[in-house]
Amino acid sequence: MAIDRIWSYAPDSGHTEGQDLTGFAVAATDGTIGHVDREAAPHDMRHLVVDTGVWVFGRSVLVPAGVVTGIDIPGRKVTLACSRGDTKAAPRFQTDSETRDREYLRAVGDYYDRLPPREAAAV
């Protein structure tokens with residue numbers, strides 16, 4: 001995946017402009033990681049902030065839109081092209097101000113862009 005594409009939903013992801021994913025469950029290739037807390041797109045770097053609940057000690061993770069492989073509207077579920085371990089190992093998300101920090105977002109984008117391609121989980 002090209003780094004410039006990491007911040008945009010793939011055309012075949014099922015995303016529709018204006019669609020609100022807040023509250024949707026989020027599944028990695030090997031299981032659920034949490035739910036969408038919010039979406040943001042500062043500096044044209046569209047991403048989801050995912051609340052992982054107790055799975056990662058109550059912290060949230062930031063996932064670029066380009067990592068989304070599928071959106072199931074009736075099932076209220078978003079699937080990702082990475083594993084649970086991949087999201088856990090991503091640059092740590094600590095404060096809301098990071099969702100607007102261009103350098104932090106670049107580091108996150110670089111991390112996800114370097115992951116090996118994976119078979120997408122079923123939506």
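Leaving aside its neighbours within four places in sequence, which residues is S60 in contact with? They are V49, V50, D51, T52 and F93, where contact means heavy atoms within 4.5 Å. The structure is a predicted model, in which local features need pLDDT of at least 70 and side-chain atom pairs count only at pLDDT 80 or more, while totals for chains, interfaces and linings use all residues. Residues are numbered from 1 along each chain as its sequence is written, and side-chain values use heavy atoms, with hydrogens and water left out.

- Six strands form an open sheet in the order 4-3-2-1-6-5, with mixed pairing.
- Strand 4 (60-64) and strand 5 (68-72) stand at the edges with a single partner strand each, so one side of each has no neighbour in the sheet.
- From one strand to the next, the twist averages 35°.
- Helices (H or I, at least four residues) and strands (E, at least two) are DSSP runs, numbered from the N terminus.
- Two strands pair if DSSP finds at least two bridges between them.
- Strands of a sheet pair through backbone hydrogen bonds, either parallel or antiparallel.

**Strand pairs**

- Strand 1 (residues 25-28) pairs with strand 2 in the antiparallel sense over four bridges, and A25 stands opposite H35 in strand 2.
- These two strands, 1 and 2, form a hairpin with two residues between them.
- Strand 2 and strand 3 run antiparallel and are joined by five bridges; A40 stands opposite H47 in strand 3.
- Strand 5 and strand 6 (residues 77-80) pair in the antiparallel sense over four bridges, with G70 opposite T79 in strand 6.

**The turn between strands 2 and 3**

- Strand 2 and strand 3 form a hairpin with six residues between them.
- H43 lies in the loop between strand 2 (31-40) and strand 3, and D44 is found in that loop too.
- Most residues other than glycine have a negative phi.
- H43 is not a glycine, yet has a positive phi of about 55°; D44, also not a glycine, has a positive phi of about 60°.
- H43 is partly exposed, with a relative accessible area of 35%, whereas D44 counts as exposed at 71%.
- For these terms, buried means under 20% relative accessible area, exposed over 50%, and partly exposed in between (1.4 Å probe, protein chains only).

**Strand 4 and helix 2**

- S60 has its place in strand 4 and is buried, with a relative accessible area of 16%.
- Helix 2 (residues 102-113) lies across strand 3 (47-51) and strand 4, running at about 70° to strand 4.
- Axes are lines fitted to C-alpha atoms, for helices over the stretch in contact, and angles run from 0 to 180 degrees between N-to-C directions.
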